[in-house]
Amino acid sequence: MAGAACQPVARPSLTSISSGELRSLWTCDCELALLPLAQLLRLQPGALQLRGDQLVVPGPGEPAAARGGFNVFGDGLVRLDGQLYRLSSYVKRYVELTTYCDYRDYRETILDKPMLFFIYVQTKKDTSKERTYAFLVNTRHPKIRRQIEQGMDAVISSVIGESYRLQFDFQDVVKNFFPPGNEVVNGENLSFAYEFKADALFDFFYWFGLSNSTVKVNGKVLNLTSTSPEKKETIKLFLEKMSEPLIRRSSFSDRKFSVTSRGSIDDVFNCNLSPRSSLTEPLLAELPFPSVLESEEIPN
């Protein structure tokens with residue numbers, strides 16, 4: 001037993017994906033995805049555009065705006081091909097919430113569209129060769145959605161009328177995707193967090209940092225990098241389908257959190273539910289990585 005415990009964890013198995021397999025995939029089969037940012041800009045101009053020194057997320061009133069698009073997370077600046085661009089219309093990676101309505105709107109916002117994060121990858125042999133990638137989180141996939149919902153439900157159930165901080169982290173799943181010899185430079189940017197500040201007289205757990213939680217999200221990463229025109233067209237349609245808008249049949253407060261949820265958002269927020277009830281350009285030769293890589297399932 002002791003010998004087995006000391007053995008290194010086996011690396012995930014690799015599986016390649018072809019154009020035919022990509023066509024046969026439903027977008028709900030895609031949990032996480034990664035592709036060069038320059039390629040995403042060409043394939044999805046309605047979701048993200050370069051305008052001078054700005055990287056713009058077109059608004060709903062603009063003619064070129066995508067019908068769905070992505071929730072772009074960032075800190076205001078993006079580096080692409082050695083140049084800095086100012087990011088507009090993005091979701092801050094850290095926000096403060098003070099009311100139930102703030103929480104409800106924030107939860108609806110982050111789950112409404114697939115998430116997009118920017119990552120920079122360098123080779124250890126030549127750190128001057130840096131490539132910017134777009135990392136996509138498909139919030140419509142049951143596995144991904146369940147991890148986010150359960151994380152939010154669990155922290156509400158564990159604090160009663162107190163302040164807390166919750167972070168969702170994708171660092172491990174992305175770093176495990178790239179083979180040895182490559183380094184994710186801005187791994188800390190592969191996360192987002194919110195802090196709920198309750199109007200409590202004595203917030204001892206919050207004051208001493210005992211109500212801070214982190215959810216390490218796991219999933220399968222799909223490589224959408226391609227130099228084939230035919231496959232690029234397939235990827236374009238795939239992304240459009242993934243990010244198309246949801247059809248809402250009721251208000252957010254009336255909807256269940258997930259397929260397995262037994263209550264509404266009001267029930268969870270008021271601690272009436274337990275957590276269990278809810279649920280580009282060609283890739284650099286120095287940066288080869290597999291088409292599909294399933295991350296290690298590490299219990300949170």
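A residue is called buried here when its relative accessible area is under 20%, and exposed when that area is over 50%; anything in between is partly exposed. The structure under discussion is a predicted model. By this cut-off, R93, with a relative accessibility of 15%, is buried.

A second salt bridge connects R107 to D153, and here the closest N and O atoms are 2.9 Å apart. R107 belongs to helix α4 (residues 100-112) and D153 to helix α5 (residues 142-158), so this pair ties together parts separated by 46 residues in sequence. Both R107 and D153 are buried.

K241 and E244 provide a further example, their side chains meeting at 3.3 Å from N to O. K241 is partly exposed, at 47% relative accessibility, and E244 is likewise partly exposed, at 25%. Elsewhere, salt bridges with shared partners unite D169, D172 and K216 in one network. In total, the structure contains 11 salt bridges.

Disulfides, by contrast, are absent: a search of the whole structure finds zero. As for individual cysteines, C30 is buried at 4% relative accessible area, whereas C101 is partly exposed at 38%.

Attention may now turn to the strands. An open sheet of mixed pairing is built from four strands in the order β3-β4-β7-β6. Its edges are β3 (49-51) and β6 (77-80); each has a single partner strand, so one side of each lacks a neighbour in the sheet. From one strand to the next, the twist averages 35°. The pairing of β3 with β4 (residues 54-56) is antiparallel and runs over three bridges. Within β4, Q54 is the bridge partner of R51.

The last element to consider is helix α8, which comprises 14 residues (229-242) and spans 20 Å from its first C-alpha to its last, close to the 20 Å expected at 1.5 Å a residue. Its buried residues are K231, T234, I235, F238, L239 and M242. Viewed down the axis of α8, these buried residues fall within an arc of 135°, so they line one face of the helix. The face turned away from that buried side bears the exposed residues P229 and E230.

Key:
Residues are numbered from 1 along each chain as its sequence is written. This is a predicted model: local features need pLDDT of at least 70, side-chain atom pairs count only at pLDDT 80 or more; totals for chains, interfaces and linings use all residues. Side-chain values use heavy atoms; hydrogens and water are left out. Helices (H or I, at least four residues) and strands (E, at least two) are DSSP runs, numbered from the N terminus. The expected span of a helix is 1.5 Å times one less than its number of residues. Buried means under 20% relative accessible area, exposed over 50%, partly exposed in between (1.4 Å probe, protein chains only). The arc is that of the directions from the helix axis to the C-beta atoms. A disulfide is a pair of cysteine sulfur atoms within 2.5 Å. Two strands pair if DSSP finds at least two bridges between them. Axes are lines fitted to C-alpha atoms, for helices over the stretch in contact, and angles run from 0 to 180 degrees between N-to-C directions. A salt bridge is a side-chain nitrogen of Lys or Arg within 4 Å of a carboxyl oxygen of Asp or Glu.
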